[in-house]
Amino acid sequence: MFINILGKEIWYEIYGAEYDDTLLYLHGGPGASCLDFVNQARALSGNRKVVILDQLGVLRSQAIAEDESYSMEYQIELLEEMRKLLGIKKWSILGHSYGGMLAVLYAYTYPDSIHKMILECPSLCFEDSARSTAEYLSEHINGLNDKQAMELCEKIKSADYPDKTEIVWDLSALLGYVTDMELRFYLHGISFEEYHMSMDASGITDEMWAKGERHLTKLLEAQPAPNGSLQKKLMMTDNLLPMVPKIAAPMLLINGAYDPACTKNQIAYIMNHGQNVTQAMFENSGHFPRLEEAEKYTNTVLRFLDDA
């Protein structure tokens, strides 16, 4: 179903609508959609409301126009307005991967709007995540015997990137060389076929998926301020880790043991600097514990949310 937020049509679904306690899910990507969280939304909705959505410019939600500005801050404003429109006093937030960035930014911006927050395999420093992912892919890339791919992999691992947006496009290009789909999607506990079958993509067209490219591009643009100068807004290439110590809400960090995106450095920072953080490690998971160890994931999240 759709909800109009600040003049934008946003696709969302609610499970367990009869309950007051609410969990908001923020998908990653950028541009990945909430499709692969539906099964968990159903599992978690036995005693709480679960809200999932496609972010602006993603899949079923309204596309972002070519001349339209978009930012992480604007997405946060859309989420806060959505909370008000749905009549929710406070909600807990679960952010996956890039969605973890949004969850941290939301909690930092609107601390009085959340109960608890969950970060599932978050990437809070994209450059660090990209270098780790290149290392993770190195053996596979070297096995391809493609000189251009190997040089690109080494560049991501060690080169200085004055323009941080370049590393985003380099990682995207590197992933394009990957022929092992389990590696391509950072999977460990399930096959790519199982991952694909875990979501219902009926009615989803290539045109819908194509929206995500502009969504990503807009997140990497500096927008002109009213006086014509360039105003740097927060970008997905910025390091959001320093926001973590300023978040007072109880936090659960979920990690897959084989996930390259949430690195050891990021885990250590979150655990050492967070005010009230607990960790749950999923030993047979990569980047998607909610799919790779689904039952354990459901139980872990419910215990955290139910704990007074």
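Modeller: What follows goes from the core to the helix pairs and then to the backbone. Please keep in mind throughout that this is a predicted model.

The largest nonpolar core has 66 residues, and those with the most contacts inside it are Met-72, Leu-174 and Met-236. Helix H3, residues 98-109, supplies the largest share of this core, namely eight residues. Apart from it lies another core, of 21 residues, with Phe-37, Phe-282, Phe-304 and Leu-305 among them. As general background, nonpolar side chains in soluble globular proteins tend to be buried together.

Leaving aside neighbours within four places in sequence, Met-236 is in contact with Pro-30, Met-72, Tyr-98, Met-101, Phe-126, Val-168, Leu-216, Leu-219 and Leu-220.

Helix H2 covers residues 72-85, and it packs against H3 at an angle of about 65°, with the two axes 10 Å apart. Since angles of 65 to 115 degrees count as roughly perpendicular, H2 is therefore roughly perpendicular to H3. The crossing in which H2 passes H3 is right-handed. On the H2 side the contact is made by Met-72, Glu-73, Gln-75, Ile-76, Leu-79, Glu-80 and Arg-83, which meet Tyr-98, Met-101, Leu-102, Leu-105, Tyr-106 and Thr-109 of H3. Sorted by class, this contact of H2 with H3 has eight nonpolar, two polar and three charged residues.

The second pair is H4 with H6. Helix H4, residues 126-143, and helix H6, residues 165-177, pack at an angle of about 20°, and their axes are 10 Å apart. Because angles under 35 degrees count as roughly parallel, H4 and H6 are roughly parallel to each other. Here H4 passes H6 in a left-handed crossing. From H4, the residues Phe-126, Glu-127, Ala-130, Arg-131, Thr-133, Ala-134, Leu-137, His-140 and Ile-141 meet Ile-167, Val-168, Leu-171, Leu-174, Leu-175 and Tyr-177 in H6. The residues of this contact divide into eleven nonpolar, two polar and two charged.

H6 also deserves a look in its own right. Its buried residues are Thr-165, Ile-167, Val-168, Asp-170, Leu-171, Leu-174 and Leu-175. The elements that cover these buried residues of H6 include H4, helix H5 (147-158), helix H7 (181-184) and helix H9 (206-219). Leu-174, buried in H6, is also one of the residues with the most contacts inside the largest core.

Finally, the backbone. Pro-30, one of the contacts of Met-236, lies in the loop between strand E3 (22-26) and helix H1 (38-44), and the peptide bond from Gly-29 to Pro-30 is cis, with omega near 0°. Ser-33 is placed in the loop between E3 and H1 as well, and has a positive phi of about 75° although it is not a glycine. With a relative accessible area of 1%, Ser-33 is buried. Leu-6, which is likewise not a glycine, has a positive phi of about 50° and is found in the loop between strand E1 (2-5) and strand E2 (8-15). Leu-6 is partly exposed, with a relative accessible area of 47%.

Conventions. Residues are numbered from 1 along each chain as its sequence is written. This is a predicted model: local features need pLDDT of at least 70, side-chain atom pairs count only at pLDDT 80 or more; totals for chains, interfaces and linings use all residues. Side-chain values use heavy atoms; hydrogens and water are left out. A nonpolar core is a set of buried Ala, Val, Leu, Ile, Met, Phe, Trp, Tyr and Cys residues joined through side-chain atoms within 4.5 Å. Buried means under 20% relative accessible area, exposed over 50%, partly exposed in between (1.4 Å probe, protein chains only). Helices (H or I, at least four residues) and strands (E, at least two) are DSSP runs, numbered from the N terminus. Contact means heavy atoms within 4.5 Å. Axes are lines fitted to C-alpha atoms, for helices over the stretch in contact, and angles run from 0 to 180 degrees between N-to-C directions. Angles under 35 degrees count as roughly parallel, over 145 as roughly antiparallel, 65 to 115 as roughly perpendicular and the rest as oblique. A crossing is left-handed if the near helix is turned anticlockwise from the far one by less than a right angle, and right-handed if clockwise. Ala, Val, Leu, Ile, Met, Phe, Trp, Tyr, Cys and Pro count as nonpolar, Asp, Glu, Lys and Arg as charged, and the others, Gly among them, as polar.
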